[in-house]
Amino acid sequence: MRVFSGIQPTGIIHIGNLFGAIRNWILLQNHCECIFCIVNYHAITLPKKPEELKKQTYKMVAILLAAGIDPKKSILFIQSEVKEHTELCWILNTITKIPELERMTQFKEKAKEHKEDVNVGLFDYPILMAADILLYNIDIVPVGEDQKQHVELARTLARRFNKIFGETFKIPTASIQEDAGRIMGLDNPLKKMSKSAKSSLNYIAIDDSPQQIREKIKKAVTDSGKEIKKTPQKPAISNLLNIYSLSSGKEISTIEDEFKNSGYKEFKEKLALVLIEFLLPLQKKVRKIEKDQKYIKKVLAEGRRKAQEIAKDTIKEVKEKVGLV
Ligand code: TYM
């Protein structure tokens with residue numbers, strides 16, 4: 001089984017990314033052939049300062065390595081270093097219909113948020129993502145719930161290409177974690193945790209300090225009543241219970257039991273502690289790896305070489321089928 005996933009090198013990596021995607025990647029690399037990509041072309045669909053983008057790209061690599069991506073087991077590389085991604089994107093552009101992109105929830109949301117900057121790249125974003133996946137003949141795409149629609153488009157485009165030009169692409173399947181596919185915002189449990197949220201109270205970032213974590217959890221929205229229980233009537237507490245469970249490795253029912261005689265305040269104080277304990281070792285590892293830029297560059301060079309080996313064969317076949325070579 002071959003696995004592909006990607007992550008944008010944005011400054012803020014939050015626990016939604018970690019629990020919803022990266023955690024799954026780390027598990028999959030033990031029994032699948034995994035390819036993970038830092039999608040810097042996707043990142044520039046919103047304005048980015050060049051120096052920051054570069055810094056954040058390397059920081060992202062350090063985070064992934066610290067979290068447990070093992071370059072001996074997985075291919076880890078930067079999207080812009082394998083030119084076949086943009087080549088395939090262009091070819092797929094020509095078999096995609098505009099309404100298919102207009103329908104994309106994430107495009108509609110981002111276009112609303114950045115009214116003055118709705119560029120063609122933002123619109124084309126899902127096709128570049130389809131190219132990322134289809135280049136590597138992928139079986140499984142581990143992502144959070146918010147990327148499901150984009151993976152659906154990749155499936156549609158693979159089928160369409162195969163129909164027009166003959167069997168070429170495998171049809172990939174999205175894999176979404178049942179318990180963590182959608183970590184909700186701390187300030188609004190009805191919307192997903194998001195790095196582009198207006199307030200930083202929305203998320204716990206991977207490099208938040210203990211003080212920030214305590215503050216954010218203290219201010220996190222709760223539900224009416226006082227029971228600590230996972231139920232659809234209590235979206236805020238359910239989300240906090242979920243985060244508690246994912247950070248501590250304890251079952252939700254065990255946590256509910258532990259806090260059956262406690263109020264929200266005590267629960268939140270303990271949750272902050274659990275999160276701090278969970279994130280501190282990761283933060284230390286990130287700092288250590290970040291100091292070794294030589295190692296990061298070596299991992300990326302090796303990743304690029306291995307990724308390109310696969311990508312170049314696919315693009316050759318695609319170009320032949322389309323009549324470009
Ligand atoms: P990105 O960088 O926004 O997010 C990286 C991963 O984190 C997941 N995620 C969440 N999971 C649970 N709860 C949340 N609140 C939450 N927020 C984010 C995302 O679903 C994602 O899996 N377009 C992609 C990157 C990409 C890609 C690809 C992914 C580019 N090409 C090919 C898979 C395959 C993105 O922007 O992810």
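**Exercise 1.** Which atom of the ligand is 2.7 Å from an N or O atom in the side chain of Asp132?

*Solution.* The model is predicted: local features require pLDDT of at least 70, side-chain atom pairs count only at pLDDT 80 or more, and totals for chains, interfaces and linings use all residues. Residues are numbered from 1 along each chain as its sequence is written, and side-chain values use heavy atoms, with hydrogens and water left out.

Step 1. The atom at 2.7 Å from the side chain of Asp132 is a nitrogen of the ligand.

Step 2. A ligand nitrogen also lies 3.0 Å from a polar backbone atom of Met193.

Step 3. An oxygen atom of the ligand is 2.8 Å from a polar side-chain atom of Lys195.

Step 4. Taken alone, the ligand exposes 720 Å² (Shrake-Rupley method, 1.4 Å probe), and the protein buries 98% of that.

**Exercise 2.** Determine how many residues surround the ligand, and of which classes.

*Solution.* Step 1. The ligand is surrounded by 28 residues (a heavy atom within 4 Å); Tyr125 and Ile183 are among the closest.

Step 1. The shell has 12 nonpolar, 11 polar and 5 charged residues.

Note on methods
A polar contact is a pair of N or O atoms within 3.5 Å; within protein, one must be able to donate a hydrogen and the other to accept it, and residues adjacent in sequence count only if both atoms are side-chain atoms. Ala, Val, Leu, Ile, Met, Phe, Trp, Tyr, Cys and Pro count as nonpolar, Asp, Glu, Lys and Arg as charged, and the others, Gly among them, as polar.
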